[in-house]
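Colleague: I have this model open and would like to talk through its contacts. Could you take my questions one at a time?

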Amino acid sequence: MLGTYIDDCLNIMYIVVLGEISWRLICAAKEYFIYYYHYEVPGRLWQIFKRSFSTKSTAQPYLLLIVCGTLCRCSMTLRLSWPALRFLPLYFLYRGLDISFSNLQYAYWIRGSHGLDYAEGMASNYFHGYLKLALPSHNEGEGIKQRIALYESQEGVKFILNRLVILVPSTMFVNSKIESSILTRDGIKPLDTIVKNRAGVARPFKNNVYRFTKPINGTYYYVALEGATPLLSFFEAMHHRTSMTWQMVEMKREILLKFYHHLKKLLNEWPETRHQAELILYNSSYDDGYSQDIGEVVLAHIANMEQKT
């Protein structure tokens, strides 16, 4: 009885492994004859082979166990499981119909750490193309903390945080002028502009300053504040018919959270940008649908920071 059960299990796994190898051979042939221009010419065949037959490292021991188990059982019974091959077309049907797929696969893909998804791409571009250049001090200009200190000295004001505050709203949308009942930019100078060479172009980096219109402990504080521009671009892409896909709309929350966590990781792990920026992830509206006041969101976040210190 036990031997029959083991034989049945091995036959099933034998079909799965053999079917998977056959399916990957078909995929490799498709890559070679149809998508050959996606590979660099030197070593094209080897690149296709590696991509087609790669698998997760966690699955490799199990595959080895299945192969060894099948060989051991065949050596004991002195026969191969040739009759089981008649079920091989069922495996091809299963793979061809992709029955196991669901929209959760998109979510799992975004949550993974591979650097290939939309969210990590936006966070990396934002960090390497802007924040890593504008926040720290370089030979080409002062960093965000030095420019805030200079602003305080020249204007005789006080900043509530000596770092750049970056808004990450749940809607991904931020107006060109941040609107709040307790924040204003009218008549307020921006921080000093710095210019840095990027790919042969002298690019200016600017940061706006807002003033709280209500006193906090008797002081009208200032803050260097802006929205996360990559999220605004993604918001616009979602609402433009030539770039929008239903997958983008379906996974926008996953993309938002992955962007926030990956950008926070990049800022904290790079020594020159650590404690130079403060990300604020927040719901753009209350449960009743009314929009949150951005100024109040900033104050609540700072109060929470002070409680943790």
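What follows is a set of questions and answers about domains, contacts and backbone.

Modeller: Before you start, this is a predicted model, where local features need pLDDT of at least 70, side-chain atom pairs count only at pLDDT 80 or more, and totals for chains, interfaces and linings use all residues. Residues are numbered from 1 along each chain as its sequence is written, and side-chain values use heavy atoms, with hydrogens and water left out.

Colleague: How many Å separate the centres of domain 1 and domain 2?

Modeller: Domain bounds here come from an automatic or database domain assignment. It gives domain 1 as 1-101 and domain 2 as 118-307. Taken over C-alpha atoms, their centres are separated by 49 Å.

Colleague: Which residue does R111 meet in a salt bridge?

Modeller: A salt bridge here is a side-chain nitrogen of Lys or Arg within 4 Å of a carboxyl oxygen of Asp or Glu, and the whole structure has nine of them. R111 has one at 2.6 Å, N to O. This pair links helix α5 (residues 104-111) to helix α10 (residues 252-269), 143 residues apart, with helices being DSSP runs of H or I of at least four residues and strands runs of E of at least two, numbered from the N terminus. The partner in α10 is E254.

Colleague: Is D117, the salt-bridge partner of K258, buried or exposed?

Modeller: The closest N and O atoms of K258 and D117 are 3.2 Å apart. K258 lies in helix α10 and D117 in the loop between α5 and α6 (118-134), so the pair ties together parts 141 residues apart in sequence. Buried means under 20% relative accessible area, exposed over 50%, and partly exposed in between (1.4 Å probe, protein chains only). K258 has 12%, and D117, at 5%, counts as buried.

Colleague: Why does D186 count as exposed?

Modeller: D186 forms a salt bridge with K177, the closest N and O atoms being 2.8 Å apart. K177 is partly exposed, at 36%. D186 counts as exposed because its relative accessibility is 54%.

Colleague: How do the rings of F173 and F235 pair?

Modeller: Rings of Phe, Tyr and Trp (its six-membered ring) pair if their centres lie within 6.5 Å; planes under 30 degrees apart are stacked, over 60 edge-to-face, and the rest tilted. The whole structure has 16 aromatic pairs. In this one, the centres are 5.2 Å apart and the planes are at 50°, so by the cut-offs the pair is tilted.

Colleague: Which ring does K132 lie over?

Modeller: A charge sits over a ring if NZ of Lys or CZ of Arg is within 6 Å of the ring centre and within 35 degrees of the ring normal. K132 is 5.0 Å from the ring centre, over the face of W270.

Colleague: Where is A199, and what is its phi?

Modeller: Most residues other than glycine have a negative phi. A199 sits in the loop between β3 (194-198) and β4 (201-205), and is exposed at 79%. Its phi is positive, near 55°.

Colleague: Which loop holds N217?

Modeller: N217 is another residue other than glycine with a positive phi, near 55°. N217 counts as exposed, at 78% relative accessibility. Its loop is the one between β5 (209-212) and β6 (222-227).
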